[in-house]
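Please brief me on this protein model. I would like its pockets, its cavity, its overall shape and a few local details.

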Amino acid sequence: MQNKIDQYAAEIKAFATAKADELEAFRIKFLGTKGIIKDLFEEFKTVGPEEKRTFGKVLNEFKKLAETKYNELKETQNSELTTQNSDLDLTLPGDGFNVGSRHPLSLVRNEIIDIFKRLGFVVAEGPEIEDDWHNFSALNFPEEHPARDMQDTFFIKKNNGKDDIALRTHTSSVQVRMMEHGKPPFRAIMPGRVYRNEAISARAHCFFHQVEGLYVDENVSFADLKQTLYHFVQELYGEGTKVRFRPSYFPFTEPSAEMDVSCTICGGSGCNMCKYSGWVEILGCGMVDPNVLENCGIDSNKFTGFAFGMGMERIANLKYVIRDLRLFSENDSRFLKQFTAEML
Ligand code: PHE
């Protein structure tokens, strides 16, 4: 056995190759599962206890010798592969790859969520198919209110002869669900898709996206509403953006207002976007009507709140100057890929 080992050891020491297949043959011969070393270990099992001690050591050293040789040669081959192999030109430029882009509405949505999260608002979601109660009645819509009319709302199903199930026309329905199922204080925003029965054109679509917000607690005032939205606009459009509130009407808020910002395109000096007025409207807002609080089981003598709602398409329009609403849902890659840089 000693003789055999000496012979193999000499062979291993003398072995040298730069070829991958020769090295692999070496590995199979000595280190493979049916290789010489395996055989020697088998043979080792049969020797007497005296010899076991001497041969054990010799055998282990022999194994190490083969492994070291193999690893050394492998290492040199690997480094030669990367530096000298003639088939490989490391000076060639790399393959280009396409970076995906985010949809402008996702960018706007994420930005709005980020701003309100920093103010302690959470994100709430609800179903897009709603019943009359959550979309209208709980929100203090009078029975004959035109917004319930077939022209505005996609009704799906009647209950007891009356239109009941519909595609939600605003995410205020999520506010109702939140108030019904929880206890004040509430501080949340509700982003989501909403549907209105409108003819599709550059300026109107049968679905669009909203972010609404709700803040209900003790002693919430119109001053809180103004300051929250003022801060939001400074974050979204930059310091120094002016705001103004105009009285308005929504069934679910009293008082109600619409908020304008100084035109984000011309800064207020007058342009196409603001129709030369210097102002653009971005949202509706107001103090939650006490009837709405009561409809949702909240004591309106103890709690007050404010709510607001804006269209994401409108916000994106003012940020990226997208003049045709249809672009948002056509999935034209020439349009979408312009927003790549925003993602990085
Ligand atoms: N729900 C209103 C709309 O869809 C927006 C709004 C929300 C207005 C909250 C005031 C308060 O137009």
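The largest pocket is lined by 50 residues, and R196, F208, E281, G311 and R314 lie nearest its centre. A pocket here is an open set of points on a 1 Å grid over the protein atoms alone, with protein on both sides within 12 Å along at least five of seven lines; lining residues have an atom within 4 Å of a point. This is a predicted model: local features need pLDDT of at least 70, side-chain atom pairs count only at pLDDT 80 or more, and totals for chains, interfaces and linings use all residues. Residues are numbered from 1 along each chain as its sequence is written, and side-chain values use heavy atoms, with hydrogens and water left out.

**Largest pocket**
- The elements that give two or more residues to the lining of the largest pocket are α7 (172-181), β6 (207-217), β8 (253-262), β9 (279-288), β10 (304-311) and α10 (312-320).
- Helices (H or I, at least four residues) and strands (E, at least two) are DSSP runs, numbered from the N terminus.
- Strand β9 gives the largest share of this lining, eight residues.
- The space in the largest pocket is about 1,400 Å³.
- A volume is the space filled by probe spheres set on the grid points, which are joined across faces, edges and corners.
- By class, the lining of the largest pocket has 23 nonpolar, 16 polar and eleven charged residues.
- Ala, Val, Leu, Ile, Met, Phe, Trp, Tyr, Cys and Pro count as nonpolar, Asp, Glu, Lys and Arg as charged, and the others, Gly among them, as polar.

**Second largest pocket**
- The second largest pocket holds about 250 Å³ of space.
- It is lined by 20 residues, and the closest to its centre are G192, R193, F208, H209 and M312.
- At least two lining residues each come from α5, β5 (186-195), β6, α10 and α11 (327-330).
- This lining has seven nonpolar, seven polar and six charged residues.

**Cavity**
- A cavity is a set of grid points where a 1.4 Å probe fits but cannot get out.
- The whole structure has one cavity of 30 Å³ or more.
- The largest cavity has about 40 Å³ of space.
- Its lining is L139, Q175, M179, F252, V288, V292 and A307.
- Of these lining residues, six are nonpolar, one is polar and none is charged.

**Whole chain**
- The protein chain has 13 helices and ten strands.
- Its radius of gyration is 37 Å, well over the 20 Å that the globule rule gives for 344 residues, so the chain is more spread out than a compact globule.
- That radius is taken over C-alpha atoms, and the globule rule is 2.2 Å times the number of residues to the power 0.38.
- The C-alpha trace spans about 105 × 50 × 40 Å along its principal axes.
- Of the 344 residues, 41% count as buried.
- Buried means under 20% relative accessible area (1.4 Å probe, protein chains only).

**Helix α5**
- Helix α5 (residues 104-118) has 15 residues.
- From first C-alpha to last it reaches 22 Å, close to the 21 Å expected at 1.5 Å a residue.
- The expected span is 1.5 Å times one less than the number of residues.
- The buried residues of α5 are P104, L105, L107, V108, I112, I113, I115 and F116.
- Just after α5, G120 takes a positive phi of about 90°.

**Residue A147**
- A147 sits in the loop between α6 (132-135) and β3 (155-159).
- Not counting residues up to four places away in sequence, A147 touches F136, F141, D152 and T153.
- Contact means heavy atoms within 4.5 Å.

How values were computed:
Buried means under 20% relative accessible area, exposed over 50%, partly exposed in between (1.4 Å probe, protein chains only).
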